[in-house]
Amino acid sequence: MSTPRVSSRNCAPLFCCHSCAAFNDNCLKTGLVFLILFRSAADDAGALITLASAIFIAPYFFLSALGGELADRFDKARVAQSLKFVEIFIAGFAVFGFARHSVPLLLTALGCFGVIAALFGPTNYGILPDHLRREHLPTGNAPIEAAQRTAIRHRSTVSALA
């Protein structure tokens, strides 16, 4: 059996889901930063941007272990589907926050995106052994990790241009 490719039936959906999730999370954070920079007083902007980063990152510290527990206890595909379904409503809430130019609503949405990401990460990586043979895990993990890094790097490039 050959090594898995990103376009294979087992890897492609996971690759797309992971790369889009990383891009969406970082796109929301960047959009919020732009809104803060252009709508807030200069003194408040730095503190709000730092707060936004803390709100997004904090769930990783507190909920990643819970995400791993959920991934081990329940069907990983069902957990991932449930989390992504909830994320649709959170994205709608974020759109509402952008329409209202509301920093508090967007900070809440960003925190919710952080919770979803913290719970989804262990599930996403934990599902690989269910779909790939042991010797193919590094080959299957590499494109998913590269997609996440590319999505984050793209967001950094956009932020630097602004």
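**Helix packing and a loop residue**

Modeller: Helices α3 and α4 cross in a left-handed manner. Please note that this is a predicted model.

Biologist: At what angle do α3 and α4 pack, and how far apart are their axes?

Modeller: The angle is about 165°, and the axes of α3 and α4 are 9 Å apart. The two helices are therefore roughly antiparallel to each other. As for the contact of α3 with α4, its residues divide into 18 nonpolar, four polar and three charged.

Biologist: Let us step back for a moment. How many helices and strands does the protein chain have?

Modeller: The secondary structure comes to six helices and zero strands. Along the sequence, the pattern is accordingly written α-α-α-α-α-α.

Biologist: What share of the residues in the chain is buried?

Modeller: Of the 162 residues in the protein chain, 38% are buried.

Biologist: And among contacts between residues at least 6 apart in sequence, what percentage join residues at least 24 apart?

Modeller: Such pairs account for 75% of those contacts in the protein chain.

Biologist: Back to α3. How many residues does it have, and what distance does it reach from its first C-alpha to its last?

Modeller: Helix α3 covers residues 76-100, which is 25 residues, and it reaches 36 Å between those two C-alpha atoms. That is close to the 36 Å expected at 1.5 Å a residue.

Biologist: Which residues of α3 are buried?

Modeller: The buried residues in α3 are K76, V79, A80, L83, K84, E87, I90, A94 and G97.

Biologist: Take I90, then. Why does it count as buried?

Modeller: I90 lies in helix α3, and it counts as buried because its relative accessible area is 11%, where the cut-off is under 20%.

Biologist: Which residues is I90 in contact with, leaving aside its neighbours within four places in sequence?

Modeller: Those residues are A109, C112, F113 and I116.

Biologist: What about G97, buried or exposed?

Modeller: G97, also found in helix α3, is buried, because its relative accessibility is 0%. Not counting residues up to four places away in sequence, G97 touches S102, L105 and L106.

Biologist: What distance separates the C-alpha atoms of G97 and A109?

Modeller: The separation is 8.1 Å, and the two residues are twelve apart along the chain.

Biologist: Now α1. Where does it stand relative to α4?

Modeller: The axes of α1, residues 12-39, and α4, residues 103-126, come within 10 Å and cross at roughly 160°. That makes α1 roughly antiparallel to α4. The crossing of α1 with α4 is left-handed.

Biologist: Which residues meet there?

Modeller: On the α1 side they are L14, C17, H18, D25, L28, K29, L32, L35 and I36. On the α4 side they are V103, L106, L107, A109, L110, F113, A117, F120, N124 and Y125. By type, the residues of this contact of α1 with α4 are 15 nonpolar, two polar and two charged.

Biologist: And α1 against α3, parallel or antiparallel?

Modeller: Helices α1 and α3 pack at about 20° with their axes 12 Å apart. That makes α1 roughly parallel to α3. This crossing of α1 and α3 is left-handed too. C17, A21, D25, L28, G31 and L32 of α1 make the contact with K84, E87, A94 and F98 of α3. The residues of the contact of α1 with α3 comprise six nonpolar, one polar and three charged.

Biologist: One last topic, the loop between α3 and α4. What is the phi of H101?

Modeller: H101 is found in that loop between α3 and α4, just after α3. Its phi is positive, about 55°, although H101 is not a glycine. Most residues other than glycine have a negative phi.

Biologist: How accessible is H101?

Modeller: H101 is partly exposed, with a relative accessible area of 43%.

Methods
Residues numbered from 1 in each chain as written. Predicted model: local features only at pLDDT ≥ 70, side-chain atom pairs only at ≥ 80, totals over all residues. Heavy atoms only, no water. Axes fitted to C-alpha atoms, helices over the stretch in contact; angles between N-to-C directions. Helix = DSSP H or I, 4+ residues; strand = E, 2+ residues; numbered from the N terminus. Parallel < 35°, antiparallel > 145°, perpendicular 65-115°, else oblique. Left-handed = near helix turned anticlockwise from the far one by under 90°. Contact = heavy atoms within 4.5 Å. Nonpolar A, V, L, I, M, F, W, Y, C, P; charged D, E, K, R; others polar. Expected span 1.5 Å × (residues − 1). Buried < 20%, exposed > 50% of the residue type's maximum accessible area, 1.4 Å probe, protein only.
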